[in-house]
Structure formats: C-alpha cells, structure tokens
Amino acid sequence: MRRRALILLTLLLGACTTAPAGPAWIRLGLPGAPNADLRAIADCDGRFYLVGGHVDDEGDTRPAGWTSADAISWEPVGFDPLPTSQYGPQNVISAVACAAGRVVMLGSARGGAHGNPRVSTWHRLPNGRMAENAAPFETYGGDTAVDVAHLAAGPRGFAIAGNRSSGAAAWLSPDGTGFTLFENAPGLASTAAAPTAARDAVALPDGRWLVIGSRGNRAAAWTSHDGRRWHLSTPPGPDAPPPGSTAPPAGSEWSEMQRAVVIDGTVVAAGPRGTSFATWRLRDDTWTEEPSFGGAPSGVQSLAAVSGQLVLAGGGLWIAADGRTWRQRTTPETPVAATGRDDILLVVTAGAAYRSVF
C-alpha cells in the first residue's frame, strides 16, 4: 500500500513539473480537397483566402481556392477561365493579394514545347468567383521570359515582381484586371557590373512601389512611382561595397531579400544571408539590418504581419512577437505559407492547412 502511494505521489509531482504543451494545431476542413496542392494564404478585408490547385489521378491540375470569415468554416472559390484560354483551366494558384475590396490571384501551368510556366492573373467578380484576365502572350512569356515571382497589393493597385532576361522586372496594375510589364527599366534591370533579381514587392505608405531581391550577390531594393524608372536602395551588411565601388568585395557572403511586409509604418524584409535568415527594416528611406537567426535551406517563402507580430515561413515557422526577436514554432508539417488575425494563426503546407493560436 505504501509503495502504491509513493508511485502515485511521484506521478503527481511529475505531472506538476512537466512543461505544458504548446497550442494544438487543428487541420482545416477544405471541401473537395483530397488531392490539393496548396501554395498561399492571405487575410483579405476580413476574409481569409487559401489557394493552390486540384491534382487528379493523372496529374492534371486546375485552379483551387477556399475562403472563410472565421478560419473555421471554409467554402470553395469558383474560377472562370477565359473561353479561349488553354492554360487558365490548368493553373495552380501560387499567390493571392487584396486591397480596397479587390482580390487578385496569380497562377501558372506548365506548357509548350519546353514546359515553361504559362502565367495567368485573376480578379474577383461581384459574385465572388475569380475571372481570368486577358493578356498578350509576351506579357508574361516570350523570348525574354524568366519567371514571375510574387504578387503584392496596395492602395494604388497591384504589383508583381519577377525577372526577364534583362534582369529584375515588375508588372503593375491599378485594379488587378490587367498588368503592364516594365522590363529593362532604368535602375531596375541588370547592368554589366551587376545582375539583378526581383523576388517580391510591397506598397509603401507614400504611394511608391518597393521591389526587393538582389543585385550581384547581395540584397537590394528598388523604389518607383510608376514602374518606368527605379531608384536603387542598398541595405547595409557585412558585404557592403567599398567606398566608390558598385560591386561587393570578392568572397563576400551572399544575401537576398525575398519577402517584405509593412508593419506599423515600417517595411520589414527577410531573406537568407549565407546559411542564416536576415531581416532588414526600411524607415524614412533608410535601411537597418537586424541580427541573423535560424537557418535558410529553403529561403523565405512567406512573411506576414499579424496583430503587431511577424510570421515567417521558411523551412519551418518563425514568429517575432515583438517584431524583432524570433522563436521557432513546431508545426505538423513543413509550412509553405502562414498568416493570421487577432489570436488566430494559420499555416499552409503542401497538402494541408492548419489553425492554431499564438
């Protein structure tokens, strides 16, 4: 009897000293998504949008999306490809952005003799369905095409960051129903001294667009009011070029800005520096760099500002409650995107999506 009492007391003491488990993850119920390829998520004017593609048993794809007001009950989003579109019906949606009541999506499907991505953009109709935008083939394809990287929204419309054979490029639209390509633009395109690459865009509070990426082997950013001319903005770092030089010193550590958001009026950009993550802040046209953290085997795939906190997906999930000090959060699977609202935290993996709390 005494032995059993001692065992019970030991168990009770162990229970009291065990660290509490973190908040649980709940898998989202997405109607009609047994073989979904999920890519991105965004909080759009009080509704969450989760996007990707349906994949059938033969490997054929079609666009997919779901929306929810509370992150609990989800309903599918319908897609209306153009009647003459060959690749719109096969799109996998890779990005979604919203502003001023408009929702725009970016997708692609591989096709043609070389299997290159055939890009489409989509805008939300009054009935909630997504309509494919008409665009000449050369807008996203053609002989100078390289890639279309990411989609952003702001008060003046929408921007896509990507690359052409001339280097970094941008596509701008006032309403998301059609985009204008700006390639080989002065200040943004590659030069003989340094090639450029664009990875994301963000709307600045003063109405300019900020495109981020790299120039040579170091992080870089560019600003423009209209997409025609761009101003280079070079963030600080240990690989800063010597005075009077436009190129980084030989052997310097590679870095690149890959995702950016605005939080409390300040732009925060994130990306790899060597084998770690780095973050940069832009305020009053001046960049500062934060200490590196974590590891960056897959780069930064998404960055969101949620209720004063930063949420980063890249080989794992990282959260900076104070906007500066990062901690890693365990997830059921490796995340490809994340967002949230108030105390809701949403994570997207390749084949599922989950809800938790901060």
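# A tour of the salt bridges

Start by selecting Arg-208: this residue is buried, with a relative accessible area of 14%. Keep in mind as you click around that the model is predicted.

Next, bring up Asp-285, which forms a salt bridge with Arg-208; their closest N and O atoms are 2.8 Å apart. Colour the surroundings and you'll find Asp-285 in the loop between strand E21 (276-283) and strand E22 (286-289), while Arg-208 lies in the loop between E15 and strand E16 (209-215), so the pair ties together parts that are 77 residues apart in sequence.

While you're here, select Asp-147, Arg-199 and Glu-256 together. Salt bridges that share partners join these three into one network.

Ser-214 has its place in strand E16, and it is buried, with a relative accessible area of 5%. What is Ser-214 in contact with, leaving aside its neighbours within four places in sequence? Show Pro-195, Thr-196, Ala-197, Ala-219, Ala-220, Trp-222, Ser-255 and Glu-256, and you have the list.

Now hop over to Arg-164 and Glu-183. These two form a salt bridge, with 3.2 Å between the closest N and O atoms. Arg-164 sits in strand E12 (residues 157-164) and Glu-183 in the loop between strand E14 (180-182) and strand E15 (196-203), so this pair links parts that are 19 residues apart in sequence. Is Arg-164 buried or exposed? Buried, at 4% relative accessibility.

For the last stop, pick Arg-341 and Asp-43. Their side chains meet in a salt bridge of 2.9 Å, N to O. Trace the chain from one to the other: Arg-341 lies in strand E27 (residues 337-341) and Asp-43 in strand E2 (residues 36-44), so the pair ties together parts that are 298 residues apart in sequence. Asp-43 is partly exposed, with a relative accessible area of 27%.

How values were computed: Residues numbered from 1 in each chain as written. Predicted model: local features only at pLDDT ≥ 70, side-chain atom pairs only at ≥ 80, totals over all residues. Heavy atoms only, no water. Salt bridge = Lys/Arg side-chain N within 4 Å of Asp/Glu carboxyl O. Helix = DSSP H or I, 4+ residues; strand = E, 2+ residues; numbered from the N terminus. Buried < 20%, exposed > 50% of the residue type's maximum accessible area, 1.4 Å probe, protein only. Contact = heavy atoms within 4.5 Å.
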